[in-house]
Each structure stands twice: as C-alpha cells, then as structure tokens.
Amino acid sequence: MSNVIAKIEREQMRIDMPAFKAGDTVKVHLRIIEGEKERIQVFQGAVLRFRRGTTNSTFTVRKISDGIGVERVFPVHSPYIERVEVVAEGKVRRSRIYYLRGLKGKAARIKSKQAW
C-alpha cells in the first residue's frame, strides 16, 4: 500500500522549479480557469517562506498592492502553476522578513540584486 502512495507522490512532484529562497523576488505564473476560458495570471513578490516537504511543499509570496501587503501561499507541486521565474535575489535574515509584514509601501521592500 505505501509503495503505491509513494509512486503516486513521485509522479505528481515537479522537477522544473527554479532554485529560490526566502528574500528572493519571484514571478509566479498561475493558470486560472474561469468557466471554459483559461488565462495566465502573474503574481510577483518577495518570498517570505519556503516550506520543504515531499508533496506538501509550499512557499509564501508577498506583494504590495495599492500600499497594502498581500500574501499568498502556493503549493510547489500544484498543477495550476505554469512556471516560476526568479526576478531578483535578496539577502535577508528571517527576522527581517517577518518585520516586513507590518510595513506598508516602499518601506516593505527588500533590498535585492537583479538575477542574471
């Protein structure tokens, strides 16, 4: 029984995810299905957390929308994620990331360097 579950988990795991860490800025391209129509929506922001596991790995992305912080948790192995691009690499301590949650506007940005 456990071999069957392990096989199903291996088949559902994504191997095309780029390497990124907390503090990096990423663009997550999501496949949105509305009725019979399908479109791609981009969610760009700083990675606050990357929780590793087998099939239950998640990462939290925070963006500033109209001066308000918006966070979204993405399952790494979701079939709705078209692709993830690393826009900029950021160097930040974990305590700084959680401090950013209370800030708004330009003060909530992470200093980063552009990814190549």
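Biologist: Why does E71 count as partly exposed?

Modeller: This is a predicted model, and in it E71 has a relative accessible area of 36%. Buried needs under 20% and exposed needs over 50%, so at 36% E71 counts as partly exposed.

Biologist: E71 forms a salt bridge with R62. How do you know that this is a salt bridge?

Modeller: The closest N and O atoms of R62 and E71 are 3.6 Å apart. The cut-off is within 4 Å, so the pair qualifies. R62 itself has 8% relative accessibility, which is under 20%, so R62 is buried.

Biologist: What makes K21 and D24 a salt bridge?

Modeller: Their side chains meet at 3.2 Å, N to O, and that lies within 4 Å, so the label holds. D24 is buried at 2%, whereas K21 is partly exposed at 41%.

Biologist: And where in the chain do R31 and E82 sit?

Modeller: R31 and E82 form a salt bridge at 3.4 Å. R31 lies in strand β1 and E82 in strand β5, 51 residues apart, so the pair links distant parts of the chain.

Biologist: Turning to the rings, why is the pair F50 and F59 called stacked?

Modeller: The ring centres of F50 and F59 are 6.1 Å apart, within 6.5 Å, so they pair. Their planes stand at 15 degrees, under 30, so the pair is stacked. F59 is buried at 0%, while F50 is partly exposed at 24%.

Notes
Residues are numbered from 1 along each chain as its sequence is written. This is a predicted model: local features need pLDDT of at least 70, side-chain atom pairs count only at pLDDT 80 or more; totals for chains, interfaces and linings use all residues. Side-chain values use heavy atoms; hydrogens and water are left out. Rings of Phe, Tyr and Trp (its six-membered ring) pair if their centres lie within 6.5 Å; planes under 30 degrees apart count as stacked, over 60 as edge-to-face and the rest as tilted. Buried means under 20% relative accessible area, exposed over 50%, partly exposed in between (1.4 Å probe, protein chains only). Helices (H or I, at least four residues) and strands (E, at least two) are DSSP runs, numbered from the N terminus.
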